[in-house]
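Hi,

Here is the model I promised to pass on. Have a look at it first, and my notes come after.

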Amino acid sequence: MNAGIVDSVRTGKGAQRHPIATEADVVHARQAVRTLAVTAKLSLIDQTKMVTAASELARNTLVYGGGGSMTIEVVENGPRRGVRAVFTDAGPGIADVDIAMTDGWTSGSGLGLGLSGSRRLVDDFVIESTLGVGTTVCVVKWSR
Amino acid sequence: MMEHIPILKIGNLLLVSIQVDLHDKLALTLQDDLSEQIVATGARGVLIDISTLEIVDSFIGRMLSTIASLSRILDAETVVVGMRPAVAVTLVELGLSMPSVRTALTVEQGLALLGAEVKVAWENGVAGENGEETGLDDGSAPGRDVVGGAGGPKTTRSSSSRAVGPCPGDADVLPSGGAPAAGREVPG
């Protein structure tokens with residue numbers, strides 16, 4: 001995992017870990033991210049973008065990663081607050097991350113917008129994947 | 001027990017108002033239910049109210065596109081109404097275009113787009129001339145209950161009373177077999 005983004009921010013509040021094993025967990029994940037985004041005082045549009053990105057990534061974790069977890073927390077970087085969400089699974093991993101990040105490319109039956117779209121919706125986006133080991137995606141959305 | 005989102009039939013339209021958190025399986029169930037209902041009822045239009053959806057992600061977006069395409073194949077049109085501004089902004093940034101999905105701001109505009117047989121008429125929330133809501137039995141002559149009609153008292157009809165059955169003089173309104181129309185847009 002890229003140490004820069006994950007460690008450079010000081011954690012503002014305790015991290016919450018949510019399992020992603022069922023479709024209900026994906027719905028629950030959206031709600032949890034929404035709550036935290038409100039706490040971090042993100043604008044409504046930024047909340048919506050972050051929750052939408054979380055929905056995409058949580059679904060990826062479930063559908064492609066075979067299940068995993070989401071860890072979210074409020075983070076601070078100087079005067080700014082933000083919401084950080086880390087999605088991790090022990091699935092098959094992504095063979096070619098660059099290709100996976102292009103619009104329209106899907107290894108399944110999706111639209112191919114989950115990874116590339118999420119990246120556009122958030123401010124900081126880091127993805128690490130190893131074949132046969134798993135995938136971790138870390139995103140941060142900052143308040144303006 | 002499998003969950004289903006209720007589908008209301010109003011004339012030759014099907015109305016769906018999504019009021020719950022939409023998980024993937026429920027979205028797919030709605031897709032299947034709608035295509036079944038379009039065929040079973042011969043509906044010519046489908047109106048989907050998404051005003052309570054706080055997000056539309058790529059899965060839900062694709063569900064809406066699929067429903068629109070399915071409807072078209074089954075000779076019906078689909079209109080999605082009530083999309084929240086933040087949702088619209090996010091959809092554009094997500095890169096999700098839904099080419100076959102028509103949208104409208106409100107249920108009324110959506111119905112107008114669908115060329116609805118259902119007539120909804122009001123004036124700024126004020127009902128009839130007396131200030132009270134006039135219904136089917138207001139004594140006005142049959143067929144005169146049109147907004148802006150020349151002369152005669154203006155009749156206000158809420159969409160909920162409309163769905164109960166055909167009105168005198170309105171032979172083109174098909175009786176609805178279902179519950180009254182969703183009340184969100186009904187004037188107070």
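Predicted model: local features only at pLDDT ≥ 70, side-chain atom pairs only at ≥ 80, totals over all residues.

**The interface**

I'd start where the two chains meet. Chain B and chain A bury about 1,900 Å² between them, and 57% of that is on carbon and sulfur atoms. On the chain B side, the residues that lose the most area to chain A are I55(B), E93(B) and L94(B), which together make up 29% of what that side buries. By contact, 21 residues of chain B and 22 residues of chain A take part.

The interface of chain B and chain A has 13 residue pairs in polar contact. As for where the chain B side comes from, α1, α2 and α3 (85-94) of chain B each supply at least two of the residues that touch chain A. The largest share, six residues, comes from α3(B).

Five salt bridges also cross between chain B and chain A. One to look at is D24(B) with R59(A), where the closest N and O atoms are 2.7 Å apart. Both of these residues belong to a salt-bridge network, whose members are R30(A), E56(A), R59(A), D24(B) and D57(B).

**The strands of chain B**

Next, turn to β2 (residues 13-17) of chain B. Five of its five residues are buried, so the strand is largely enclosed by the rest of the structure. Side chains in a regular strand alternate between the two faces of the sheet. In β2(B), L13(B), L15(B) and S17(B) point one way, L14(B) and V16(B) point the other way, and all are buried.

What does β2(B) pair with? One partner is β1 (residues 8-10) of chain B, antiparallel to β2(B) and joined to it over three bridges. Within that pairing, L8(B) has L15(B) as its bridge partner. The two strands make a hairpin with two residues between them, and G11(B) in the turn has a positive phi of about 65°.

The other pairing to look at is with β3 (residues 45-49) of chain B, which runs parallel to β2(B) and is joined to it by five bridges. V16(B) is opposite I48(B) here. To get from β2(B) to β3(B) the chain passes through α1(B), a β-α-β crossover that is right-handed.

While you are on that helix, have a look at L28(B), which sits in α1 (residues 24-41) of chain B. L28(B) counts as partly exposed because its relative accessibility is 40%.

**Salt bridges within the chains**

Over all chains the count of salt bridges is 15. K141(A) and D46(A) are both buried.

Compare D123(A) and R144(A), which form a salt bridge with the closest N and O atoms 3.9 Å apart. D123(A) lies in the loop between α5 (114-121) and β5 (124-130) of chain A, while R144(A) is in the segment after β6 of chain A, 21 residues apart. D123(A) is partly exposed at 33% relative accessibility, and R144(A) is exposed at 72%.

In chain B, E77(B) and R72(B) meet in a salt bridge at 3.4 Å, N to O. E77(B) is partly exposed, at 25% relative accessible area, and R72(B) is partly exposed too, at 43%.

**Positive phi outside glycine**

K41(A) is not a glycine, yet its phi is near 60°. You'll find K41(A) in the loop between α2 (23-39) and α3 (44-63) of chain A. With a relative accessible area of 65%, K41(A) is exposed.

The other is D75(B), also not a glycine, with a positive phi of about 65°. D75(B) is in the loop between α2 (58-73) and β4 (77-81) of chain B.

Cheers

Notes:
Residues numbered from 1 in each chain as written. Chains lettered and ligands numbered in written order. Heavy atoms only, no water. Helix = DSSP H or I, 4+ residues; strand = E, 2+ residues; numbered from the N terminus. Buried < 20%, exposed > 50% of the residue type's maximum accessible area, 1.4 Å probe, protein only. Salt bridge = Lys/Arg side-chain N within 4 Å of Asp/Glu carboxyl O. Pairing = 2+ DSSP bridges. Right-handed = clockwise from strand over helix to strand, strands pointing away. Contact = heavy atoms within 4.5 Å. Buried area = accessible area lost by both parts, 1.4 Å probe. Polar contact = N/O pair within 3.5 Å; in protein donor to acceptor, adjacent residues only side chain to side chain.
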